[in-house]
Amino acid sequence: MDIFTYTQDELDRLSRKDKKLAAVIKEVGRIERPVNKDIFAALIDSIVSQQISGKAAETVWKRLLTFLGEITPETIQSTPIEEIQKCGMSMRKAEYIKSTAAAAFDGRLEIGRLQAMSDEQVIEHLSALPGIGVWTAEMLLIFSLERRDVLSYGDLAIRRGICKLYGHKELDRARFARYQKRYSPFGSIASLYLWRISVD
């Protein structure tokens, strides 16, 4: 299993930027989160995960993988949408999965070019597709492309983690942007710890 990799030097530099986060890093230690380097499969996984719990997403993903054998544009294109929906998702989500596979076929989705794009370009490219918003693109940036500086305002758990760590009752975009700037260029590593804080 591949995991999101980061160095001790990156962790130390992030710790020097924020004393409260540094205390969490020291207490928790290194966090290992799996990554999927198959970009297309990771994108479909992100669509499956939208607006449902992690446990529910894992169940649906396993059903889809078992049914299709492998997650490729070809296997999705050749499968009736009703069969995809029966894996445990809404018809709307199944439509998004089918349309993403179609986009990979007709060239609207350029999987092979994503690695060379900037974070902003990846988000813009993916967000042009139905059912793929900024959050989905940001999760792909972290958990497939392993980009270093992604802190998602659209992720409720990230915002909850910041509020818990710093004692905020609410977190508007302006205040969030200040944390984004503080953690940069290690926003993705900070995200790992904020997710952990949000569930503790």
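Gln 51 is exposed, its relative accessible area being 84%, where exposed stands for over 50%, buried for under 20% and partly exposed for values in between (1.4 Å probe, protein chains only). The model is a predicted one, in which local features need pLDDT of at least 70 and side-chain atom pairs count only at pLDDT 80 or more, while totals for chains, interfaces and linings use all residues. Residues are numbered from 1 along each chain as its sequence is written, and side-chain values use heavy atoms, with hydrogens and water left out.

Gln 51 is placed in the loop between helix 3 and helix 4, helices being DSSP runs of H or I with at least four residues, numbered from the N terminus. Its phi is near 60°, a positive value in a residue other than glycine. The loop, which runs between helix 3 (39-49) and helix 4 (54-68), also holds Gln 50, and this residue is buried, with a relative accessible area of 13%. What surrounds Gln 50? Apart from neighbours within four places in sequence, Gln 50 is in contact with Lys 93, Tyr 96, Gly 131, Ile 132, Trp 135 and Thr 136, contact meaning heavy atoms within 4.5 Å. With Thr 136 there is also a polar contact between the two side chains, at 2.8 Å; such a contact is a pair of N or O atoms within 3.5 Å, one able to donate a hydrogen and the other to accept it within protein, and residues adjacent in sequence count only if both atoms are side-chain atoms.

Another positive phi in a residue that is not a glycine belongs to Glu 146, at about 55°. Glu 146 lies in the loop between helix 10 (134-143) and helix 11, and it counts as buried, since its relative accessibility is 16%.

Helix 2 (residues 19-28) has Leu 21, Ala 22, Val 24 and Ile 25 as its buried residues. Seen down the helix axis, these fall within an arc of 160°, so they line one face of helix 2; the arc is taken from the directions that lead from the axis to the C-beta atoms. Helix 1 (8-17), helix 11 (156-166), helix 12 (173-183) and helix 13 (187-199) are among the elements that cover these buried residues. On the face turned away from the buried side, helix 2 carries the exposed residues Lys 19, Lys 26 and Glu 27.

The charged end of Arg 30 sits over the ring of Tyr 6, 4.5 Å from its centre, and Arg 33 lies over the face of Trp 195, at 5.1 Å from the ring centre. Here a charge sits over a ring if NZ of Lys or CZ of Arg is within 6 Å of the ring centre and within 35 degrees of the ring normal.

A cis peptide bond, with omega about 5°, joins Ser 184 to Pro 185, and Pro 185 is part of the loop between helix 12 and helix 13.

As for the cysteines, Cys 87 counts as buried at 5% relative accessibility, and Cys 163 counts as buried at 15%. The count of disulfides comes to zero, with a pair of cysteine sulfur atoms within 2.5 Å as the criterion.

Conventions:
Helix = DSSP H or I, 4+ residues; strand = E, 2+ residues; numbered from the N terminus.
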